[in-house]
Amino acid sequence: MNKEHLGSANIDTEKLRHHIPTAEAQITDLMKEMFVKASKDWDPLKKSTRTLWKNREYLEYGLLGYNGTYYDRWYNRFLTGYAQSFSKMSEVQVQKLFNVTPGSNEAIALLEILNKFAYSFIKFTTDYKLNTGENMTDFMKEVVTNNPMFVDGEFMRDQNLQVNEWLTQVYDFEGYFDSIQMNMHILFVEAFLDSFLKECEMHNARVVARSAHI
């Protein structure tokens, strides 16, 4: 967070601490939009043989997507989904969602943190093992183990489907969001309160320190 964007007044962290967990409906709507935007229809790429087969190969090998011509790793798909949902919120939307006054320190800080919060919320590791769940973050576990195409610890292709059809089903994150929305909401709130409030508390300490020298 750009500390200069937070103004010179104290941020009411206690108000935010109590309000954010109550905004379940609004947060869930934004997360659902994130899952919609992260999903991918592979039919338009059915002639892109290398892209299709590389992603199929990676998934069957136990890796979450391939970045080549397109950024198809799951981490990148969800970052894109976040950027097209949370990061596009206006100040008015933030005000309604978090019950803060437009133009206040809280509203300005929220807009700033919302643009960067993706990296605190959407966490993926690189040394994970899908078959055992080893070294997988809580975010990864939710989106992987609840994917209908993930069976017995692996993504195995349905031979009755064309590769593009199979990948479309694997990347249909929107399709199973409703079944995990409660757990995703909990993960979001925990991460948001942790990363945002810590920064706000540091900001308040700097305000106090500056005031003492005036």
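Here a residue counts as exposed when its relative accessible area is over 50%, and as buried when that area is under 20%. The model described is a predicted one.

**Helix H3**

Helix H3 runs over residues 49–61. From the first C-alpha to the last, its 13 residues reach 18 Å, close to the 18 Å expected at 1.5 Å a residue. Thr 51, Leu 52, Asn 55, Arg 56 and Leu 59 are the buried residues of H3. They lie on the same side of H3, because they cover an arc of only 125° around the axis. An α-helix has 3.6 residues a turn, so residues three or four places apart point the same way.

On the face of H3 turned away from the buried side sit the exposed residues Arg 50 and Tyr 61. After the helix comes Gly 62, which has a positive phi, near 100°.

What do the buried residues of H3 pack against? The elements are listed below.

| Element packed against buried residues of H3 | Residues |
|---|---|
| Helix H4 | residues 74–83 |
| Strand E2 | residues 154–155 |
| Helix H9 | residues 163–170 |

**Ala 118**

Ala 118 belongs to helix H7, which spans residues 118–121. Is Ala 118 buried or exposed? Its relative accessible area is 4%, so Ala 118 is buried, the cut-off being under 20%. Leaving aside residues up to four places away in sequence, Ala 118 touches Leu 79 and Tyr 82. Between Ala 118 and Leu 16 there is a separation of 102 residues in sequence, and their C-alpha atoms are 19 Å apart in space.

How values were computed:
Residues are numbered from 1 along each chain as its sequence is written. This is a predicted model: local features need pLDDT of at least 70, side-chain atom pairs count only at pLDDT 80 or more; totals for chains, interfaces and linings use all residues. Side-chain values use heavy atoms; hydrogens and water are left out. Helices (H or I, at least four residues) and strands (E, at least two) are DSSP runs, numbered from the N terminus. Buried means under 20% relative accessible area, exposed over 50%, partly exposed in between (1.4 Å probe, protein chains only). Contact means heavy atoms within 4.5 Å. The expected span of a helix is 1.5 Å times one less than its number of residues. The arc is that of the directions from the helix axis to the C-beta atoms.
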